[in-house]
Amino acid sequence: MSGRAGARESQSTATLWRGSLRAGGEQARVGRVISPAFVSPAHSVATPERVSTLVILGVSGDLTSRLLLPGIASLLAEGQTKGLNIVGVAGPQHTTEAFHDRINAAFSPWIGKSRGNGDEMLKRTLEGATLITGDASDPALLARVSAIDPGHTALFFALPPAVTQKGLEALEPGALAEGTVLVLEKPFGHDQASARHLNQALTRLVPESQIHRVDHFLAKSTVLNILGLRFANRFIEPMLNADEVESIDVIYDEDLALEGRAGYYDTAGALRDMIQSHLLQIMAFILMDQPSTLTERDLRDRVGEVLRATELDGTMEEATRRARYSAGSIQDRPVPDYVSEPGVTETNHTETLAQIRLRVKASRWAGVPITIRSGKALGEPRKEIVVTFKPVSYLPAGFTGVDNPTRLRIGLGPATLKLELDVNGPGNPFQLDRVALKTALSSSRVLPYGEVISSVMDGDLTLSVRGDAAEECWRIVDPILEAWGRDEVELEEYPAGSDGPVAWPVPEEDDGTGLPPR
């Protein structure tokens, strides 16, 4: 039998894995009874309904309509909250009618598909939403909206970073109503120094316990599943160390091009937009030591330890690569050259694909290269974490076929788990064959931004980025950005719809069977 024909998925094993990863099911597995308080990391330090009013600064922007409002709708539709008062802040040209139309467009797809009293919560929130027009960076306005529901109000800065920082720096200590929660979108600054300055501005106004730095990747169920996979399965956690692991890859390749985001993306690029803002945090979840609890202090301490120990693995030329897409096509859709996209400034030399190799200065991971890659306008979306294990120390003579490395793949979209192994093939027991044990990871009906707002309402900082972690992520990438700004690393090109520059070393892809491509 051919290797590809021999690739098969063990349904029984998949079922066992699925049971052990899903929390809450009575028949999930036989074993210890786990306290419900620790079933979900997202609610490990929850304080019920602490925030009941959400002020969205920049309610007329793209982030609000594309991500934030649909996320809120998905949360309310679950019927597990008492509701939320929404107050929007926008410029004087924005009308109350347009404001309600925007909320209605996000909420209406969920009405009729809700659970419990979800429909009632959606309708009540929509009807009660109010609009305030003015300058969202005006300190007097910020102070006024913070007092709408004293002690129960969160200010969500859905604004460009410069506008957010301007408003925060203009506020005087004590200007905000006591108990006000501040919610900030990435990026947190534009380098380590500005991130530190922003943190100082924030902590002048409110304590760290009232600051949510939003990373919606950390609200995704797939990322939370990493914790269950690692720390609730005895045979996996002991294998994650330098003695057993050959390499680790975190990949987030998108088939989307610029999609009208030049205003932000052309001054950010792939390294800032994805690697600095999101993927370094995901890396830390894979590499961190086991916390004693899943409370925010223990979990975020472990994340901080990894980031503080992380540095570039080699010289700039050896360990970093950058490229941008040229004209091409994706699924028969023509894509123009990046520099021809509306709003792009060619002299910015913005990369749309970045790949860096890192190392962690700790005995557990000594000598293990960690590659992080993210890009746009690529032929096939690829979003996964790949742990490649070292080969066996000795393979008995007599086996035929190829001894491929064992790989663990954690899909970030779709949410999947796959373990690729070599076993004895059917028909010829001496022939090594490849199998893939695969299962879908549990997922939530609540969209990522809904999970973010749920954490804000509960006062749960577990999956918020702590100030020191935000600064450490910039410390890691700042030298790279400076070197790229000096053109020390070539800005290569790749056709839109391709896999990137041909010469780049790319971690081996998954063809759906677990077999290496022919």
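Visitor: Does Q331 count as buried or exposed, and at what relative accessibility?

Guide: Buried means under 20% relative accessible area, exposed over 50%, and partly exposed in between, with a 1.4 Å probe and protein chains only. At 64% relative accessibility, Q331 counts as exposed. This is a predicted model, in which local features need pLDDT of at least 70, side-chain atom pairs count only at pLDDT 80 or more, and totals for chains, interfaces and linings use all residues. Residues are numbered from 1 along each chain as its sequence is written, and side-chain values use heavy atoms, with hydrogens and water left out.

Visitor: Where does Q331 lie?

Guide: Helices (H or I, at least four residues) and strands (E, at least two) are DSSP runs numbered from the N terminus. Q331 is in the loop between β10 (328–330) and β11 (333–335), and its phi is near 50°, a positive value in a residue other than glycine. D332 is placed in the loop between β10 and β11; its phi is near 65°, again positive in a residue other than glycine. At 78% relative accessibility, D332 counts as exposed.

Visitor: How many helices and strands does the protein chain have?

Guide: There are 15 helices and 18 strands in the protein chain. Of its 518 residues, 53% are buried.

Visitor: How is empty space found?

Guide: Rolling a probe the size of a water molecule over the atoms shows where empty space is left. On a 1 Å grid over the protein atoms alone, a pocket is an open set of points where a 1.4 Å probe fits, with protein on both sides within 12 Å along at least five of seven lines; lining residues have an atom within 4 Å of a point. Grid points are joined across faces, edges and corners, and a volume is the space filled by probe spheres set on the points. Here the second largest pocket holds about 1300 Å³ of space. It has 42 lining residues, and R66, K186, R261, Y264 and D273 are the closest to its centre.

Visitor: Which element gives the largest share of that lining?

Guide: α3 does, with 5 residues. Domain bounds come from an automatic or database domain assignment. Domain 1 (53–214) and domain 2 (221–443 + 466–495) both give residues to the lining, so the second largest pocket lies between them.

Visitor: Which residues touch the most other members of the largest nonpolar core?

Guide: A nonpolar core is a set of buried Ala, Val, Leu, Ile, Met, Phe, Trp, Tyr and Cys residues joined through side-chain atoms within 4.5 Å. In the largest one, of 106 residues, L57, L280, F285 and I372 touch the most other members. α11 gives the most to this core, with 12 residues. Domain 1 and domain 2 both give residues to this core, so it lies between them.

Visitor: Which residues does I372 touch?

Guide: Contact means heavy atoms within 4.5 Å. Not counting residues up to four places away in sequence, I372 touches V250, I275, L279, L280, M283, A354, Q355, I356 and L358.

Visitor: Is α14 mostly covered or mostly exposed?

Guide: α14 is mostly covered, with 10 of its 11 residues buried. G459 follows α14 and has a positive phi, near 70°.
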